[in-house]
Amino acid sequence: MKTYSIIKMMFLSLLMVLLIIPQNGYGQKKKRVANITVKAVVVNQAGEAVEGAIVTTNEGAFVTRTSTDGTFEIKAKKNSIMFIEAEGYESKEMISDDVKKVGEVMMLRARLLNGQRDKIHLSNSVEFNRRHLASSISLVKTSNLRSYPDMLLSNTLQGQVSGLLAQSSLGGLGKNASTLTIRGKGTNGDTTPLIIVDGMERSMDFIQEEEIESMYVLKDASAKVLYGARAANGVIVINTKRGTSYKRNMNVSADYGVGLPTRMPEFLNSYDYVKLYDEARANDGLTPIYTRDYDGYLNSSGPNDLRYPNVDYYDYFLKSTSTYAKANAEFSGGNERTQYLVYAGYNGTTGLQKVGKNFSRSAFNLRGNVNVKISDMISAYGSISFQLLGLKRASMASDAMFSALSSHRPNEYPLTISTDYFPLTSTGIPALGASTSVANNLYGALLYGGKTSEQEVNGTMDFGLNFNLEKLLPGLKASGRVSLDSYFVGNEVLNNAAATYSRKWLVNDSGEEYVVFEKEKKENINDDLNLTSTSTRRAMSWEANVGYDRTMGLGQFNAMFGYNYLQIEKKGTNQNIQNTNYLLNLGYVYNDKYIANGTLSYVGSNRFKEGNRYFLSGALALGWIISNETFMRNSPFDFLKLKASAGILGYDANTPFFLYTNRYQNGGNVAFGEENKTSAGSTNWTIVGNDKLKWEKAQEVNIGIEGMTLNKHLSFEVNYFKELRKDIILKMTSTYSSIYGGYIAYENAGRISNQGVEVDLRWSDRCGQFQYEVGTNVTWTKNKVKNDNVLDQPYDYLNKIGKSSDVIMGYVSQGLFGKDVELEGHPMQLFGSYGNGDIAYVDLNDDQVIDERDRKVIGNTFPRTSLGVDLNFKYKGWGLYVLGTSQLGVDKVLNNRYYWNYGEGKYSVKALERYHPEYNPNGTMPRLTTSAGENNFRDSDFWIEDASFFRLKNVELSYTFTNIPAIQKLKLYARGTNLLTVSKIKGLDPEVLGAGLTNFPIMTTIVGGFSLTF
């Protein structure tokens, strides 16, 4: 804590100095310099006019574009810097008077994959260009992310690049961050990749797309090894925007639109429910209980009918649309000495709740940074960012609300009880209905149950120094960085409760019905707002690097030695995370053909015993630009590169703390003695320590080819990768007898192999003013368990060793008894009572008994193939961007309450498909039952469905104006997300089966907006 405070004070002091420096630079009175008018033409090396080049003068005060003949006219200060840039060319800085005198600017074409835009800036002072990259790193096109309206950045990544799978999750609006996986499931623990934002391990969902300058996905060992002990699952590196020299930009954008549920479950009304419930009772040999009530439910007056309530919960409590709003403002600029950027953003959404306080989420993002050249030798930079997040809702959370919507039966209770029976309370609350099994009335919980307010504050600070040491040794440089993060979340809750009453209908001696009420829940109305929970997280990191970059003859050599330290503190009993990384990276390119890059990383972690806290990771990448060879001179390839990498990485993120030592905890009191009147404390032995535990390791190989052909119109990249994850830490309970009583140490026993193929293809071309791009990325992965904590089974089909870690084990169904299979003579099924209309299973081992030994692999939960397809069309000012995504080779067990209709639960429309020999002899679902249905409702291929899907993920239609005075660009657009889903699964979303059942549904969002650049 003391170290943290000292570093914080140092940082704030340095930041204050940093903020004063540019003020001094701009604030000093300078002699006024007159503007001159510069007229010139921009051409390439062949003398051809360069159309659309952007010319900037006076540090961004004046901006213009070259015309079709390459000419331009602009004002500029005498002897000031003019900045000229054009797509496909190297940017150029020239003196205004020289341009005016010569009247011509010649632009040099950027070398293929070696221009400014092809630089890959990794935040630990390692930099590559795409031409000489032998590692597997994918660039995410950030402009595509900005076209996707969503609250969270992670949700914009689906289908963007090969190797990265973003799967939608079930977490509610603003809390449904996608599950990210790079190159499949390489281990049996957490497979989440490491996220690096501006050099620090941070969550990407605290920043907006408009804050991002670049994003890279690091996939192979030679790239991941740069980031230490937590990088084996892959790394996503994000660099936020900074100001640039000789430019001044002001960007403003705003979106507004609506969200609509894509798919929502359908449930039966009260009339259909009671008829089918009576059918279920008859199936069980019980007497129907609703027979005389059918007409009453058929003619119900609705949700407040005391005798025959009929509540359509989804219609009554949910709106058809939510709202979405977003606004951003950015101001940046700079000169050769100082560059700056200020950003402010807002992102807000509301929920679907119609009754009570609707869900709302508002996020405010602020960011500021500055770069300062202090001297020819020293430059500095500083950054501050904040996200202020507010969540407001009823005291009932969204998961509880949707669970109630999907589980409260339509005739469970009337929402309110007439004042004929109970007067309003002193606070004006009516009596509310309930049942003996459901005491909580959803109407009362949402309208009278109180409220919750959640506040989150996330702040980040970075300060760094760069040293140009050319005077000491040509090519020598050094850098240092300090980062501090702080996160706080607090919940204020007002919990109230309205009284609820169940009803019991009796018959008097005259044969007339009357009702008796029983209180199920007491009223508790107060105005006590309580801070129920808080959480804090603080992190600090620093690094120091020394680099050397030198061209010697035909060779380019670079080297970097660095050190990085990370500490993460969390409130409570969580152990602090501490990691170190000593890094040596060496690179060499000879004659623009042969590429070598090697890295050693000595990583440290406090999760292991002293003496075993460090591991030496290493990787080597080799490349060959074969298109530069003389024998390829007449080949159809404009560029062709072969590459390969291999390495071994240590991984600590799946390792719990202190597994190397015995651990104990308070076991409570034990009573003994006469009449057990004496007691004493006890201690439980919770973990048997193993001081020989080693690091989990990832051994990886990557082989790839990439290139361009057909006059650079077609670009492609193909990678094959294979990984062996070994020494995975497990408690091998399956190898010990139960007489050990569970006192078994963890050991390095797990082994998983994983392999796959990635393919990226892109075609780009133009016909006059029509430009287009068509691209696709495809990833196939599959893993295999080599060793795990599982028993060796007597039948091979039961063994998990040698199979994928995501397999679904279940029974093989033959159909339904009485419809597809004869009940008599069938092997006995040991899952409770069963009869006609129940599921029949295959006796896999032919022992005439169907039990747990008759299970086999019936599917898998992780998609074997994922792909993205994008189209980008431009004509004059018009633009159209389309993104489609797909996940293939994945299965889902249809085991939620929408598909499993049994017991006293709510019936979905799937209950109409039940089998009944008289009422529905062609039914495809098991017969209805009021029991738990143990025979039917278990994992089997009867409930397995292919969950592959294609989704029209994102569409943007836009028009851009570039000829408005005083405005560089005005873009008007309409955007949509999740517009179409094609899948074998109907009724529910194939990617998130619980969406709409236990939390918010997957939403289609449609917005309109503008982006304005001055």
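This is a predicted model: local features need pLDDT of at least 70, side-chain atom pairs count only at pLDDT 80 or more; totals for chains, interfaces and linings use all residues.
Lys593 has a relative accessibility of 14%, and because buried means under 20%, Lys593 counts as buried. Glu629, at 10%, is buried as well.

Side chains of opposite charge can pair when their charged atoms come close. Across the whole structure, the search finds 53 salt bridges. One of them joins Glu700 and Lys224, with N and O 2.6 Å apart. This pair links distant parts of the chain. Glu700 belongs to strand S35 (residues 696–709), Lys224 belongs to helix H4 (residues 221–224), and the two are 476 residues apart. Glu700 is buried, at 8% relative accessibility. Lys224 is buried too, at 3%.

A further salt bridge connects Asp691 with Lys609. Here the closest N and O atoms are 3.5 Å apart. Asp691 lies in the loop between strand S34 (678–687) and S35, while Lys609 lies in the loop between S30 and S31. The pair links distant parts of the chain, 82 residues apart. Asp691 is partly exposed, with a relative accessible area of 41%. Lys609 is also partly exposed, at 34%. Elsewhere, salt bridges link Asp255, Glu956, Lys971 and Arg975 in a network.

Rolling a probe the size of a water molecule over the atoms shows where empty space is left. The count comes to eight cavities of 30 Å³ or more. The largest cavity has a volume of about 410 Å³. Its lining consists of 32 residues. Closest to the centre of this cavity are Asp150, Asn155, Leu173, Asn176 and Met1003. Strand S18 (322–334), strand S50 (969–983) and strand S51 (1003–1013) are the elements that give two or more residues to the lining. The largest share comes from S18, which gives three residues. By class, the lining of the largest cavity has 17 polar, 13 nonpolar and two charged residues.

The second largest cavity has a volume of about 290 Å³. It is lined by 25 residues. Ile196, Tyr227, Gly228, Asn564 and Asn581 lie nearest its centre. S28 gives the most, with five residues. The lining of the second largest cavity divides into eleven polar, ten nonpolar and four charged residues.

An open sheet is formed by three strands in the order S4-S1-S7. The pairing is mixed. Strand S4 (71–77) and strand S7 (104–107) stand at the edges. Each has a single partner strand, so one side of each is left without a neighbour in the sheet. From one strand to the next, the twist averages 40°. Strand S1 (residues 35–44) pairs with S7 in the parallel sense, over four bridges. Val43 has Met106, in S7, as its bridge partner.

How values were computed:
Residues are numbered from 1 along each chain as its sequence is written. Side-chain values use heavy atoms; hydrogens and water are left out. Two strands pair if DSSP finds at least two bridges between them. Axes are lines fitted to C-alpha atoms, for helices over the stretch in contact, and angles run from 0 to 180 degrees between N-to-C directions. On a 1 Å grid over the protein atoms alone, a cavity is a set of points where a 1.4 Å probe fits but cannot get out, and a pocket is an open set with protein on both sides within 12 Å along at least five of seven lines; lining residues have an atom within 4 Å of a point. Grid points are joined across faces, edges and corners, and a volume is the space filled by probe spheres set on the points. Ala, Val, Leu, Ile, Met, Phe, Trp, Tyr, Cys and Pro count as nonpolar, Asp, Glu, Lys and Arg as charged, and the others, Gly among them, as polar. A salt bridge is a side-chain nitrogen of Lys or Arg within 4 Å of a carboxyl oxygen of Asp or Glu. Buried means under 20% relative accessible area, exposed over 50%, partly exposed in between (1.4 Å probe, protein chains only).
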